[in-house]
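Please look through the sequence and the model below before reading on. The paragraphs that follow begin with one hairpin and then widen to the rest of the chain.

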Amino acid sequence: MCYLTYKMFPLNFFKVWDLLNGNEITGIELDSKAELVRFSSDARLVIIGCDDKRVVIWKWQNYDGKWVVTLPSSLTTFAEIACDGNIIYTCSRNMKVCQIDLGSLKVSTVRQGPYPNCTPLVVLPDGKVILRGTLGDSGLSRWTLLTNNSFKLVAGHSDDSIVTAIDITSNGKLVLTGSSSGTLSLVSLEDYQAVETFATTEAGVGVRLVCILSDEARFVFIDQTNRVELRDFYNKEVELLLDQPAVKVTCITALGVDYVLLGCENGELSLFNLYVKQKNYKHQAHSKAVSQVKSVPVSLLHFVSGSASGCVKLWYVTETVPPLWSQIWSHDNVYPHPITALTFVPDSGDIVIGSFYGNKVYRINAAGIVSTYEFDGHRVATLRVVEDSLIAAGLLRDAFKVIKWSLNEGLVINEIDWYWGKQHYDILRVNNASNHVASIDCNSLLIWNLKCGTMLHRVDITHDIRALAVVPGSEFLLSGSLRHKTLKLWNLRNGRFVEEFQFDHGVETIACSSNGMVCVGLRGGWVCFLRFNNLSYHSGQLKQQGSRGSKQIQGV
């Protein structure tokens, strides 16, 4: 039995140890830094994903025996590596799966999985403060950029929930949040008190999107069942169910006082007239999913849309019945990934766009890209122009990244990284035997097909997931929560919850062996061992032995 270690600084020296006696067996030093390291299923190989898009396949029993394979440029930071016989699968944080044939060392890009959503966050109008939801509790984190200080803000949701959607009023004094438990809350950013809370959604499920209307007296939200509902800030009893879209809504923006625009998964735009009997008008805008929409503040019926294929379009829609849709300009394939953030440059016809993955933010207009801003991160979640500056917020590996540029020159004025610790987008597991992939998307557990990338199940969760592990030789998945101190068992075939185990400490990591033994690493240095019997997709029930007497070792 062996285990592997590698130095943290730099991440390029690796050692294999004997697990039984603790003796070092061998080691190797590489010229690239590692992002992810895995043993092959038979433990003959160590597979190392490096930060230069190379995969090193090390035959550790032969010190110098290694192969180096370079992956396609479209691959991003490694999220998981799995080995199935003669095939290695790599999956990146943008859910692109590559396949390496160990016989020929040929690399092929086999599929694109579902893109996770960006972390819900907003930049306040003065550009000095950022609000974001956290996985650790039910509140908001308020981050002041000038001092690089952060403090928690109570959002008015139940303790067992997390913030899943955020919008602010135009003056930045109030913030509306939706939660994974289906509650909605309006909080003052002047005294940090909850101004109003609203009843849970009709279906009692989590809120995905919220949008404050231009009159700032009403708002629209969309829940996990795709239910679209209009609410009133001043009359909590008023609930108006709008015409329900047939496909999933992916984004939302307000158009003036009486219109709401929805972007949909099938590329459609759906325009609601809230004044004339809530009439809904549809228009096929993109060939792929609409990933972002944003209205022009000074022109009520101008808006921009971005797609999952990296296309961006500027539109004008009339107030006639039915409305007439006019495409003013369009640019295809600006990014190879979904557009995740849009904002307008005041007093110009320019738009600034950011992508799910990419190290550039673009300023674009009818003529094309006019300015480029370097962003050494990914998953740009928000953009805001403040006077003569541009602010972008996104992710950089395991840190929260904010950059402020001079708008016209593109020079970096300020750059801040804030370490978050392990993120949900790092947590992804592949089950080769059943061709399932499990990954985390904010408050959802995604189960998708390894071969074609198709989503199979989306399971809404109200807790953080810190760790995932596929049970070898079965179609079961284990998830661990740090905050709720639980271990949960899921059926990959139908996406259903099977069983839950409670601990005295939060779950940090999980490892499973083929003999049914599960090792759970807990907060505070505790390790717990569980054994599952008869765990396969043929068994209708799970039998677990020794949960009360499971061995706990402190200080490991």
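Predicted model: local features only at pLDDT ≥ 70, side-chain atom pairs only at ≥ 80, totals over all residues.

**From one hairpin outwards**

Strands β32 and β33 form a hairpin with six residues between them, and in the turn D347 has a positive phi of about 60°.

Strand β34, residues 360-365, runs antiparallel to β33 and is joined to it by three bridges, with V352 standing opposite R363 of β34.

How many of the residues of strand β33 are buried? Five of the five residues, 351-355, are buried, so the strand is largely enclosed by the rest of the structure. In a regular strand the side chains alternate between the two faces of the sheet. In β33, I351, I353 and S355 point one way while V352 and G354 point the other way, and all of them are buried.

Seen as a whole, the protein has zero helices and 52 strands. Of its 556 residues, 56% count as buried, and the protein exposes about 23,800 Å², of which carbon and sulfur atoms supply 48%. Among the contacts with a separation of 6 or more, 38% are made by residues 24 or more positions apart. The mean pLDDT is 83, and 87% of the residues reach 70 or more. Over residues 535-556, by contrast, the pLDDT is below 50, although this stretch has 47 contacts in the model beyond near neighbours in sequence.

Within strand β4, residues 34-39, lies E35, which is buried because its relative accessible area of 19% falls under the 20% limit. A polar atom of the E35 side chain lies 3.1 Å from the backbone nitrogen of F78.

The cysteines can be considered next. A disulfide is a covalent bond between the sulfur atoms of two cysteines, and a search of the whole structure finds zero disulfides. For C519, the closest cysteine sulfur is that of C528, at 8.4 Å, which is too far for a bond because a disulfide requires the two sulfur atoms to be within 2.5 Å. C519 is partly exposed, with a relative accessible area of 26%, whereas C311 counts as buried at 5% relative accessibility.

Most residues other than glycine have a negative phi, and most peptide bonds are trans. The peptide bond from V321 to P322 is cis, with omega near -5°, and P322 is placed in the loop between β30 (312-317) and β31 (325-331). In the loop between β31 and β32 is found N333, which has a positive phi of about 50° although it is not a glycine. N226, in the loop between β21 (218-223) and β22 (228-232), likewise has a positive phi, near 75°. Are these two asparagines buried or exposed? N226 is buried, with a relative accessible area of 12%, while N333 is exposed, with a relative accessible area of 59%.

How values were computed. Residues numbered from 1 in each chain as written. Heavy atoms only, no water. Helix = DSSP H or I, 4+ residues; strand = E, 2+ residues; numbered from the N terminus. Buried < 20%, exposed > 50% of the residue type's maximum accessible area, 1.4 Å probe, protein only. Polar contact = N/O pair within 3.5 Å; in protein donor to acceptor, adjacent residues only side chain to side chain. Pairing = 2+ DSSP bridges. Contact = heavy atoms within 4.5 Å. Areas by Shrake-Rupley, 256 points an atom, 1.4 Å probe, with all protein chains shown as cover. pLDDT = per-residue confidence, 0-100.
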